[in-house]
Amino acid sequence: MPHDHSDHPHALCPPDPALRVKALETILTRKGLIDPAALDEIIDTYQNKIGPQNGARVVARAWSDPAFKAALLADADPVLAELGYYGRQGEHMVVVENTPEQHNMVVCTLCSCYPWPLLGIPPGWYKSDAYRARAVREPRAVLLDFGVILPEGTRVRVWDSTAEVRYLVLPMRPEGSEGLSEDQLAELVTRDSMVGTGLPKSPPEAP
């Protein structure tokens with residue numbers, strides 16, 4: 001989980017997979033097979049230029065446009081493709097809507113399938129063994145770890161993302177956001193709220 005062992009000194013050391021990745025990158029660079037600058041550019045693109053901003057725009061439009069929302073929930077792929085959000089790791093998208101009766105949460109139990117064109121690079125906790133195992137067994141406890149407390153009457157449904165289908169959560173529109181523009185609404189949408197491990201931000205209070 002995001003905070004597991006954060007207060008332990010050994011947490012400052014990279015895990016074995018990170019060391020292996022770094023070693024592999026070093027070998028491939030020395031052989032001239034990859035360009036570290038190109039890798040940095042790819043990472044920067046997904047973290048800062050794509051990131052969760054694309055997904056936030058989709059959610060904001062769904063909150064504002066009932067016809068768009070209905071089309072998105074019915075068949076997301078053509079709707080997202082029309083917006084230019086498709087390609088590698090963005091195929092076979094399904095959008096699931098949070099309601100007062102049901103809260104949705106996404107996990108990939110086998111690896112870390114994730115909609116990169118909409119949400120950018122998956123966070124470390126999403127790929128962790130702890131999240132992948134606990135999200136299925138005890139989703140409410142996982143949500144509590146993220147600070148999300150749901151009403152007792154709200155059921156939690158966990159969706160298992162795979163190479164064949166990836167999910168995006170459409171969170172509930174925050175109260176008090178009436179009258180905001182799509183750009184303003186997009187600022188309320190968080191990455192975690194589109195995975196189901198968080199909620200949108202509350203709108204700023206009017207002066």
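Residues are numbered from 1 along each chain as its sequence is written, and side-chain values use heavy atoms, with hydrogens and water left out. Because the model is predicted, local features need pLDDT of at least 70 and side-chain atom pairs count only at pLDDT 80 or more, whereas totals for chains, interfaces and linings use all residues.

The chain contains eleven helices and four strands, taken as DSSP runs (H or I, at least four residues, for helices; E, at least two, for strands) and numbered from the N terminus. Of its 207 residues, 38% are buried, that is, under 20% relative accessible area, with exposed meaning over 50% and partly exposed in between (1.4 Å probe, protein chains only).

Five salt bridges were found in the whole structure, each defined as a side-chain nitrogen of Lys or Arg within 4 Å of a carboxyl oxygen of Asp or Glu. One of them joins K69 to E97, with the closest N and O atoms 2.6 Å apart; this pair links helix α4 (residues 66-74) to strand β1 (residues 93-97) across 28 residues. R134, E138 and D145 form a network of salt bridges, in which R134 is buried at 16% relative accessibility, while E138 is partly exposed at 32%.
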